[in-house]
Amino acid sequence: MVLQTVLVVCNGNIHRSVIAEICINQKLKKSGLENSIQCISRGLQGTSGTPLPVGKNLKDYPKEWSLTKPILDRLGIEILESQQSTPVDQCTISRAGLILAMDRGVLLDRDNSLVRQFPEHAFRMRLFRELEGVADNVPDCFGSDDPDLYELVICSIHRIAVEGLSTLINLVQLFSSCKDPEE
């Protein structure tokens, strides 16, 4: 069996996409699917002439880390020091069977959005919340000092990763049976 890749993308690959990657991989492992599907994460920052994030890991942002860590601890999610912000690139997009964007800006609206940079792969792109049947954004916590926002975002990502696994698997299977328009 070929290992299928799910790619989750947010703005900086510091917070939302990293948490989604960890949650999805935990659920895949718990379901015995870690040898058939893997999840990775990337960010838009550092693409199309935009600057890379200042920090390379959520722990490099003291305010955001202090608001995130207690929630992650409660949910059993660990962000390792080795987790480093990585910009999305053509190679990663090409090998992903399913591409999940955390918000509409990342997917469509920004000048360096996924659809604008990689239009030939748009048919495999969806919003992350579509795993729960809702075409809506996962809010970006960056810069916020509202603990309720962090709670909402992190718990939503965790819940969607757990409850949306069957939808994720169905989408991966659907897109793996489709040929790229270029082929």
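The legends below describe close-up views of a predicted model.

In this predicted model, local features need pLDDT of at least 70 and side-chain atom pairs count only at pLDDT 80 or more, while totals for chains, interfaces and linings use all residues. Residues are numbered from 1 along each chain as its sequence is written, and side-chain values use heavy atoms, with hydrogens and water left out.

**View A. The open sheet of four strands.** The strands follow the order β2-β1-β3-β4 with parallel pairing, where two strands pair if DSSP finds at least two bridges between them and strands are DSSP runs of E with at least two residues. Because β2 (37-43) and β4 (125-127) stand at the edges with a single partner strand each, one side of each is left without a neighbour in the sheet.

**View B. Pairing of β1 with β3.** Strand β1 (residues 4-10) and strand β3 (residues 96-101) are joined in the parallel sense over five bridges, and the bridge partner of Val8 in β3 is Leu100.

**View C. Packing of helix α2 on helix α6.** Helices, taken as DSSP runs of H or I with at least four residues, are represented here by α2 (residues 62-75) and α6 (residues 147-163), which pack at an angle of about 40° with their axes 10 Å apart; the axes are lines fitted to C-alpha atoms over the stretch in contact, and angles run from 0 to 180 degrees between N-to-C directions. Residues in contact (heavy atoms within 4.5 Å) include Leu67 and Ile71 of α2 and Tyr150 and Ile154 of α6.

**View D. Surroundings of Arg104.** Arg104 lies in helix α4 (residues 104-109) and, not counting residues up to four places away in sequence, touches Asp109, Leu127 and Asn137.
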